[in-house]
Amino acid sequence: MARPKVKSELMQQRIRAARLFLIPMLIALAVVAGWPLLRSIYFSFTDASLSNLDEAQWIGLGNYIRWTTLESGAVRYRGLLVDPAWWNAVWNTVRFAFVSVLFEAVLGMMVALVLNAEFKGRGIVRAAILIPWAIPTIVSARMWGWMLNDQFGILNDLGMRLGLLSQKVAWTATADTAMTAVLIVDIWKTTPFMALLILAGLQMIPKDIYEAAEIDGVHPVKQFFRITLPLVRPALMVAIIFRLLDALRIFDLIYVLTPNSSATKTMSVLARENLFDFDKFAYGSAMSTLLFLIIAVLTILYIWLGQVKFDGGDR
């Protein structure tokens with residue numbers, strides 16, 4: 001009769017210890033993330049600028065939506081919710097996130113399946129495949145910027161030599177190719193991250209299942225869809241949500257590769273421009289607030305619809 005009590009006391013001690021270890025992290029998060037977020041939300045309801053943050057006046061929803069009725073009776077709407085530049089940035093961000101995460105999930109699964117197989121030199125290949133992900137984003141963007149240069153870039157040179165291009169292409173300066181160029185760089189860099197997370201899930205699958213399937217004569221393709229994919233789904237869903245969060249707030253890659261292109265300008269880039277370049281601090285704060293809300297809503301919808309649980313299982 002005493003054993004359950006001992007277990008209960010041990011569990012309570014572990015819970016108390018876990019809470020004590022979590023307190024410093026929660027305090028750090030509140031200071032580093034929570035307070036700036038609340039300040040940004042507050043400034044979005046004011047007329048603040050960089051030169052008068054302390055003298056900002058409350059204007060309510062004026063940065064989000066306001067209207068003026070003319071003498072003719074016509075109504076003119078202004079504000080973030082009717083700003084074409086903002087909705088263009090929203091579309092660019094969502095399109096970038098969807099396409100990049102889709103390709104990275106598919107390619108990451110393929111790479112993870114290869115790395116999960118047993119072959120000579122597997123350890124070296126696993127280490128080498130992580131090099132693109134390990135390179136800082138700024139360095140990757142600069143490197144690809146040189147490679148994509150319309151005059152001296154190696155991609156244009158190869159395309160011309162192989163007859164794939166009839167003339168040199170300004171990949172990052174042309175509206176038709178700017179988003180494609182950014183996607184190529186992002187997919188190249190981040191696919192190893194997806195592959196690493198999926199590989200961890202693949203290694204948790206017992207090999208006995210595959211041995212039994214081979215004995216029963218199950219085709220390898222059928223094994224993938226009936227065994228591998230369902231069992232690796234929790235790891236895949238978590239990998240996608242992590243990557244989706246990162247893609248929706250993309251800034252550095254766009255800012256370095258295509259800083260002035262309306263075809264690739266994302267919500268983060270546009271918010272930064274208004275916050276500091278245009279000295280529209282309140283308007284930029286409103287953009288940052290909506291960016292936070294959009295990411296939160298999309299993430300919650302994904303977790304709910306995909307039935308994602310972060311303990312490694314499904315609901």
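The protein exposes about 19,500 Å² (Shrake-Rupley method, 1.4 Å probe), and carbon and sulfur atoms supply 66% of this area. The model is predicted: local features need pLDDT of at least 70, side-chain atom pairs count only at pLDDT 80 or more, and totals for chains, interfaces and linings use all residues. Residues are numbered from 1 along each chain as its sequence is written, and side-chain values use heavy atoms, with hydrogens and water left out.

**Overall architecture**

- Twelve helices and two strands make up the secondary structure of the protein; these are DSSP runs numbered from the N terminus, with helices being H or I of at least four residues and strands being E of at least two.
- The radius of gyration, taken over C-alpha atoms, is 25 Å, well over the 20 Å that the globule rule gives for 315 residues, so the protein is more spread out than a compact globule. That rule is 2.2 Å times the number of residues to the power 0.38.
- The C-alpha trace spans about 80 × 75 × 35 Å along its principal axes.

**Burial**

- Of the 315 residues, 36% are buried, meaning under 20% relative accessible area with a 1.4 Å probe and protein chains only.

**The β hairpin**

- Strands β1 (residues 66–69) and β2 (residues 75–78) pair in the antiparallel sense over four bridges; pairing requires that DSSP find at least two bridges between the strands.
- R66 has R78 of β2 as its bridge partner.
- Five residues lie between the strands of this hairpin, in which G73 takes a positive phi near 95 degrees.
- Strand β2 also contains Y77.

Key. Buried means under 20% relative accessible area, exposed over 50%, partly exposed in between (1.4 Å probe, protein chains only).
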